[in-house]
Amino acid sequence: TASVDLATSALKRGGAHEPGASRRGRDERARDREDDGIRHHEPALVCFTGGTAFNGVVDELTSELTSRVMHVIPVSDDGGSTAEIVRVLGGPAVGDVRSRCLRLSDESTAEARAVKALLAHRLHATDSAEAKAEWYRIQEGDHELWANISEPYADIIRSFLLHFHSQVTAAKTDGPKFDFVNGSVGNFFFAGARMFFRSMEA
């Protein structure tokens, strides 16, 4: 009985007595050490950049030189869609952070590529009415950009878009109401998440 209890306890702790588990664990740890060794021999870089200007260098940097890159991005962008968000809701600005995150994002699956396309999408560049109409289709889930995104994933994204919409439409400003023209869906998502969590880091 004692030996059975010990074996059961060991299995609960992590499967140390499961047939083959020890060997698999050693193999995995060895691969991790090998990967860590490769990474430690790569140069480590800290890049202080804007969001868009450096994007063309990112792929070459990570594929040809090193994967050990830390990106320091400003939150003072005041152009385009970001400027309109800051005007109505205040800062910090999310445009440069959004731009770099999308550049570094995963593209290994159809869904990952669809999410990237959604968050990289911009509304109509000149017509406010058309931009607003398209925005309503996106937040309501009727836009074709949602086609390859699973429902659970889409619900999470839409929840932050809807939160952004509720905040921007309820905001009191001295100037005109929020203008969706040339709006970045990714900026709306990041701004919605920041306001929901009340934290840029989150």
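Me: Among contacts between residues at least 6 apart in sequence, what share joins residues at least 24 apart?
Reply: In the protein chain, 66% of them do. Contact means heavy atoms within 4.5 Å. This is a predicted model: local features need pLDDT of at least 70, side-chain atom pairs count only at pLDDT 80 or more, and totals for chains, interfaces and linings use all residues. Residues are numbered from 1 along each chain as its sequence is written, and side-chain values use heavy atoms, with hydrogens and water left out.

Me: How many helices and strands are in the chain?
Reply: Nine helices and two strands. These are DSSP runs, numbered from the N terminus: helices are H or I, at least four residues, and strands are E, at least two.

Me: Which residues of α3 are buried?
Reply: Asn-55, Val-58 and Leu-61, in a helix covering residues 55–65. They line one face of α3, because they fall within an arc of 95° seen down its axis. That arc is of the directions from the helix axis to the C-beta atoms. Buried means under 20% relative accessible area, exposed over 50%, partly exposed in between (1.4 Å probe, protein chains only).

Me: What do those buried residues pack against?
Reply: β1 (45–48), β2 (69–72) and α5 (95–104).

Me: And which exposed residues sit on the face turned away?
Reply: Gly-56, Glu-60, Ser-63 and Glu-64.

Me: New topic. Where is Val-72?
Reply: Val-72 is in strand β2. Val-72 counts as partly exposed, because its relative accessibility is 30%.
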